[in-house]
Amino acid sequence: MIPQVMGIVNVTPDSFSDGGLFLDAQAAVAHGRALLAEGASVIDVGGESTRPGASPVDAAEELRRVLPVVEALSEHGRVSIDTRKPEVARAAVAAGATLVNDVSASLWPVAADCGVGWVAMHMLGEPGTMQQEPLYDDVVGEVCAFLEAQARQAAKAGIDEVWVDPGFGFGKTAEHNLTLMAHLDDVVALGWPVLVGTSRKATIGRLLAASDGVDEIVPPDDRLAGSLATEVWCMHRGARMVRAHDVSAAVQAARVVAA
Ligand code: HH2
């Protein structure tokens, strides 16, 4: 089976990589359509950045950003809504989204009620503070136990399509991210389809800088090859979907990994 690619469209001024590029609904829709044409199985529309240190956005503003984009893109392909707010998830589903991508892993009652799919992602803490010395006794064990509990609850509530995601970069040091990646098999072994989001994340920028012997972190736009390396690694170990900015490259990699 060829792993799927979830294309990222952030309708925000401050996302870490594409912030400000697609704040205008028309630009966001055009970008989403281009990503569908490149082979994305689903377009993930988000109206609130969850990068480390990001400020929260109120529901009215988040809805204003995402709804026209969800509605327009749903005419052309599958759309997921990347949100932590129940009211945004509900409204986005009413506008055509069929998957709730939930970095808070708490919105399963909404997904169950609306009859759509749900992604449970692991995060330690809140985006505002999550990168201030995140601590685990056993990062792999704790992430797996959390995802298993949330996924079970969701399935019990009647959700047919439940995904789990270890949440790279969400309350995790570079070492935590690499440990999770090295043990991705344990996440896959839980038995739920696994989604991973490593695209252009800071850990990649740090690894590239370190291997170049420089202190300065490599910027998001220069992390394509590093992102692909992590995506190939995760797909090879059983991830069934990767969340990516660079869809065409991820789709090509997925086809080759599957072969
Ligand atoms: N990462 C981000 C946002 N949503 N959802 C899932 N399931 N997994 C992830 O790893 C994930 C996610 C962060 O990336 P991005 O949307 O590009 O940036 P920002 O949060 O700054 O908008």
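Residue numbers count from 1 along each chain as its sequence is written. You're looking at a predicted model, where local features need pLDDT of at least 70, side-chain atom pairs count only at pLDDT 80 or more, and totals for chains, interfaces and linings use all residues, while side-chain values use heavy atoms, with hydrogens and water left out.

Now show strands β2 (residues 42–46) and β3 whole: they run parallel, joined by five bridges. Strands here are DSSP E runs of at least two residues, helices H or I runs of at least four, numbered from the N terminus; two strands pair if DSSP finds at least two bridges between them. Trace the chain from β2 through helix α2 (residues 59–74) to β3, and you've followed a right-handed β-α-β crossover. Right-handed means that, with the strands pointing away from you, the path from the first strand over the helix to the second runs clockwise.

Next, select residues 78–82, strand β3. Four of its five residues are buried, so β3 is largely enclosed by the rest of the structure. (Buried means under 20% relative accessible area, with a 1.4 Å probe and protein chains only.)

On to β4 (residues 99–102), which runs parallel to β3 with three bridges between them. Pick D82 and you'll find N101 of β4 opposite.

Definitions and conventions:
Buried < 20%, exposed > 50% of the residue type's maximum accessible area, 1.4 Å probe, protein only.
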